[in-house]
Amino acid sequence: MINKILSKLSELRSELDYRVALSKYARKLPTLEERDHLIVEALKRDGAYVTSLEELGLDSTNSLLQAAHTQLSRMSAVNNNHIAEKLPQIYTVTDLLEFSQWGREPRLLSIVENYIGLPIAFHGVHLRKDFPNKNQFGILLWHKDSEDRRILKIIIYLSDVEAHHGPFEYVPPPLTSLFSLNYYRIYHKLRQSGYLGINNEQLKDIIPEKNWKSCVGAAGTVIFVDTKRALHHGTLRTHDRSALFFVYTANPPKRPELCTQYWDNTFAKPELHLEPDLT
Ligand SMILES: O=C(O)CCC(=O)C(=O)O
Ligand SMILES: [Fe+2]
């Protein structure tokens, strides 16, 4: 009992410290380009913003795409036809220059910092191939990520994503806001699931399907999303989907131990492939 009270108090203290840090840092936020205000405002309001690589127009996009397709073609073929629950194939590409350079584009860092409201950490990049599945499990279940109080993921589709490729899907945070009935109903279901996630049927009872935002889009679609505030999942698919996931939080994040997966050896790392020097 005492321990529970102490832990609640320390949680409260840490939330207060967080609020104070936010208001102190507000004056130090980097300037945003005029066109990027739209992205930060949408993130604050809706928890997400969908655009495209073309619209973003960042200098390092061409080399990012080239590197991503090279790495995709080197991903070993997986023989998972007989497996009922097919896990995604994940490559950690954080150490490759083309990916880290894109993730550190000053315009992007400024968007992320203005959204998060504190000094930020860029944790890394996953290149991911997701396979068809018949039933919801893992990140196919609706969930919220827990690395920090605010998490910004930038997802880039590397191939066209229509409904049958299993788009990223989310519920705008205003529909599940703190102290609303929906918040408690979802929280209750998530707790019942051991925080693993809830399925479509369970969510339909709380949030009608017409309010779910499915992010279908052509190759090059870019999704900025706060995966802590927005309940989200990958939709069940009948066709493969390839995408990049860039991950940012405040520095330090609330749960640093959950962030190491974006750069450590949890997932496969591509060989640092040295091209022969032909000169
Ligand atoms: O695969 C997806 O679209 C969802 C991924 C997800 O849950 C995440 O990146 O946090
Ligand atoms: Fe997630």
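Hi everyone, let's start at the ligand: the shell around ligand 1 divides into three nonpolar, four polar and three charged residues. Here Ala, Val, Leu, Ile, Met, Phe, Trp, Tyr, Cys and Pro count as nonpolar, Asp, Glu, Lys and Arg as charged, and the others, Gly among them, as polar.

Before going on, please keep in mind that this is a predicted model, where local features need pLDDT of at least 70, side-chain atom pairs count only at pLDDT 80 or more, and totals for chains, interfaces and linings use all residues. Residues are numbered from 1 along each chain as its sequence is written, while chains are lettered from A and ligands numbered from 1 in the order in which they are written.

Back to the ligand. Around ligand 1 you will find Asp 130, Ile 139, Asp 145, Lys 153, Phe 168, Thr 227, His 232, His 233, Gly 234 and Phe 245; a residue is near a molecule if its C-beta atom, placed from the backbone, lies within 6 Å of it. Which strand gives the largest share of that shell? Strand 8 (residues 231–234) does, with three residues. Helices (H or I, at least four residues) and strands (E, at least two) are DSSP runs, numbered from the N terminus.

Six strands form an open sheet in the order 1-7-4-9-3-2, with antiparallel pairing; two strands pair if DSSP finds at least two bridges between them. Strand 1 (48–52) and strand 2 (89–92) stand at the edges with a single partner strand each, so one side of each has no neighbour in the sheet. On average, neighbouring strands of this sheet are turned by 20° against each other, direction ignored. Axes are lines fitted to C-alpha atoms, for helices over the stretch in contact, and angles run from 0 to 180 degrees between N-to-C directions.

Two residues are in contact if their C-beta atoms, placed from the backbone, lie within 7 Å.

Let's stay with strand 9, where Leu 244 lies. Is Leu 244 buried or exposed? Leu 244 counts as buried because it has 25 C-beta neighbours inside 10 Å. The cut-offs are 20 or more other C-beta atoms within 10 Å for buried, 12 or fewer for exposed, and partly exposed in between, with C-beta atoms placed from the backbone. Beyond its neighbours within four places in sequence, Leu 244 is in contact with Ala 68, Val 125, Leu 127, Ile 156 and Leu 158.

Finally, the helices. Helix 2 (residues 37–46) and helix 6 (residues 106–116) have axes that come within 9 Å and cross at roughly 35°. Ile 39, Val 40, Leu 43 and Lys 44 of helix 2 meet Ile 111, Asn 114 and Tyr 115 of helix 6 in this contact. Those residues divide into five nonpolar, one polar and one charged. Helix 2 also lies across strand 1 and strand 7 (221–226), running at about 140° to strand 1. As for helix 6, its buried residues include Leu 108, Ile 111 and Val 112, and Gly 117, which follows the helix, has a positive phi near 85°.
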